[in-house]
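Subject: The structure to look at

Hi,

Here is the structure for you to open up.

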Amino acid sequence: MSASDSIFVGNLTRDPEFETVGGAGTPKLKFSIACEHSWRKADGEWDSTTSFFNVVAWRALAENARDVLQKGLRVVVKGRLEQRSYEADDGTKRSVIDLIADDIAVSVKGIDGINRRPRRDGAPAGSGGGSR
């Protein structure tokens, strides 16, 4: 783990978007998570705030995660924050920060159950395949 790695725990706000990019067709998975922080105020009442993060996974991680992740699922994402800039359609310069995922895990805290989607290669869900 490098000094710039961070760990975020949150719920997916929408189903992930999978695409292949570049001439080599590099797999890319995009989704966002909502991370809630709660604390007890001086008067004893609880308060909270929610932060939203855009997550990007590449290559094998993107391919492996696309059949597991879905809206509402609680995940643990380890990765690094990366800032990028672009020019909007109206000509203004914009900047966003993405969480570039190095690892994604499903959190079982508060989970009632999970139904995996069928794998794209036709093998039954949960039947291994892929490298470890």
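One term before we start: two residues are in contact when they have heavy atoms within 4.5 Å. Also, keep in mind that this is a predicted model, where local features need pLDDT of at least 70, side-chain atom pairs count only at pLDDT 80 or more, and totals for chains, interfaces and linings use all residues. Residues are numbered from 1 along each chain as its sequence is written, and side-chain values use heavy atoms, with hydrogens and water left out.

Now the overall layout. The protein chain has one helix and six strands, and along the sequence they come in the order β-β-β-β-α-β-β. Helices (H or I, at least four residues) and strands (E, at least two) are DSSP runs, numbered from the N terminus. Of the contacts with a separation of 6 or more, 55% are between residues 24 or more positions apart.

Next, what is tucked away? Buried means under 20% relative accessible area, exposed means over 50%, and partly exposed is in between (1.4 Å probe, protein chains only). Buried residues make up 25% of the 132 residues in the chain.

In soluble globular proteins, nonpolar side chains tend to be buried together. A nonpolar core is a set of buried Ala, Val, Leu, Ile, Met, Phe, Trp, Tyr and Cys residues joined through side-chain atoms within 4.5 Å. The largest one here has 17 residues, and those with the most contacts inside it include Phe31, Leu69 and Ile104. Strand E3 (26-40) is one of the elements that give two or more residues to this core, and helix H1 (59-65) is another. E3 provides the largest share, four residues. Leaving out residues up to four places away in sequence, Phe31 touches Leu12, Arg14, Pro16, Phe53, Asn54, Val55, Leu69 and Ile104.

Then there is Asp98, in strand E6. Asp98 counts as buried because its relative accessibility is 6%. Its side chain makes a polar contact of 2.6 Å with that of Arg84. (A polar contact is a pair of N or O atoms within 3.5 Å; within protein, one must be able to donate a hydrogen and the other to accept it, and residues adjacent in sequence count only if both atoms are side-chain atoms.)

Last one: Arg59, in helix H1. Most residues other than glycine have a negative phi. Arg59 has a positive one, near 55°. Arg59 is exposed, because its relative accessible area is 53%.

Cheers
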